[in-house]
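Okay, everyone, thanks for coming. Let me put the chain up on the screen and then talk you through a few bits of it.

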Amino acid sequence: MNIPSVLVIDDEPNNFDVIAALLNDRDYELYYSADGEDAIENLDAYNPDIILLDVMMPGIDGIEVCRQIKAMSKWQAVPIVMVTALSSKSDLANCLKTGADDFISKPVNGVELRARIKSMLRIKQQYDNLQAMLKLREDMAHMVVHDLRNPLSIIMFGLQLLKNPNYPKEKRNRKLDQIYGSAQRLQLLIDDLLKMALLESGKLRLNRKNVEINSLIQSVISNLKAIAAQKNQSLVSKLPKTSGRMVCVDANLIQRTIDNLLSNAIKFSPGNSQIVVNLEIINSGGYKIQVIDSGPGVPEAIQQKIFDKYEIGKTMSDTSQIGLGLAFCKMVVEAHGGEIGVTNNQSQGAIFEIILPISS
């Protein structure tokens with residue numbers, strides 16, 4: 001967590017010493033500037049989260065400093081607290097009219113100073129969180145549009161070819177299969193977005209039923225073998241011959257979860273490699289499902305963060321990455337009372353692991 005930075009602008013060094021002493025027991029990074037011009041020129045270096053600004057200073061006074069800072073778009077959201085000996089309502093109104101967010105009277109009271117700084121920093125944090133959320137939504141919109149556009153382009157181009165009466169008949173079925181596959185990818189992406197919204201709001205009801213987990217995994221592997229074959233990859237399953245127990249889950253959502261993990265493994269693993277799906281019955285009750293690949297792996301620093309929405313672990317050229325797949329997996333697994341995580345495979349690759357209770 002970043003330590004909040006407090007910039008004190010005051011022509012009297014003794015006043016800074018007083019403020020530093022009053023904030024001594026607080027976790028703040030304190031900076032000092034003796035005049036307004038220096039403070040404005042070095043705002044990037046100070047990078048303040050809040051500014052304590054003296055009003056009566058030689059050169060440009062605090063009111064003018066406040067006006068200039070608030071005129072800069074980069075620093076408009078930084079709270080400015082005017083520290084002043086002025087007490088008339090007109091003077092205080094003038095400070096606020098210039099853009100100041102609050103004021104505190106001299107001599108400075110420690111309790112009041114700490115309370116006002118804490119209040120202003122809370123407002124600044126709310127603003128920063130809002131801006132981060134808006135930036136995230138903007139990035140997400142760009143990524144979603146990009147991922148929707150790719151299969152849509154294939155569909156539109158394919159339909160244009162099929163409309164051509166001279167298009168070879170022997171290629172029509174192959175082109176139709178390609179169009180159908182792209183339409184399915186569009187449908188799956190839109191479906192994932194809708195289901196994630198429902199999972200987050202708690203409105204998605206799990207359609208639980210007892211299923212044999214071996215068969216479910218084998219079905220996913222069977223569906224993806226043709227895609228893996230295009231990269232000369234082999235999909236290997238290591239499943240108990242007889243599980244002896246059923247698992248009570250939403251079969252469609254769990255199948256989609258395993259499909260996402262296995263599709264990622266195919267996407268990021270090199271050609272001529274092996275991808276393993278391992279299933280174990282664990283002693284505590286339940287199942288451990290592992291998807292083991294030999295791709296680039298996941299750095300330890302982001303092994304937890306990678307399950308957040310729109311988080312991309314490693315950028316790959318010519319690879320569609322929207323950062324929703326693993327977030328979807330996490331939501332589904334946790335909705336079933338399970339856990340999901342990732343560790344590095346020995347030498348190379350990653351091991352994505354799901355723990356599912358037998359029933360919950």
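I'll start with the helix pair: Leu216, Ile217, Ser219, Val220, Ile221, Asn223, Leu224, Ile227 and Ala228 in α8 meet Ala251, Ile254, Gln255, Ile258, Asp259, Leu262, Ser263 and Ile266 in α9, where contact means heavy atoms within 4.5 Å. Quick caveats: this is a predicted model, where local features need pLDDT of at least 70, side-chain atom pairs need 80 or more, and totals for chains, interfaces and linings use all residues. Numbering runs from 1 along each chain as its sequence is written, and side-chain values use heavy atoms, leaving out hydrogens and water.

Back to the pair. Helix α8 (residues 213-229) and helix α9 (residues 251-268) pack at about 35°, axes 10 Å apart. Axes are lines fitted to C-alpha atoms over the stretch in contact, and angles run from 0 to 180 degrees between N-to-C directions. Helices here are DSSP runs of H or I, at least four residues, and strands are E runs of at least two, numbered from the N terminus.

Next, helix α10 (residues 325-335): its buried residues are Leu326, Ala327, Phe328, Cys329, Met331, Val332 and Val333. Buried means under 20% relative accessible area, exposed over 50%, partly exposed in between, with a 1.4 Å probe and protein chains only. After α10 comes glycine 337, with a positive phi near 80°.

And leucine 134? That one sits in helix α6 (residues 110-163), and it counts as partly exposed because its relative accessible area is 41%.

Zooming out, the chain has 10 helices and 12 strands, and 39% of its 360 residues count as buried.
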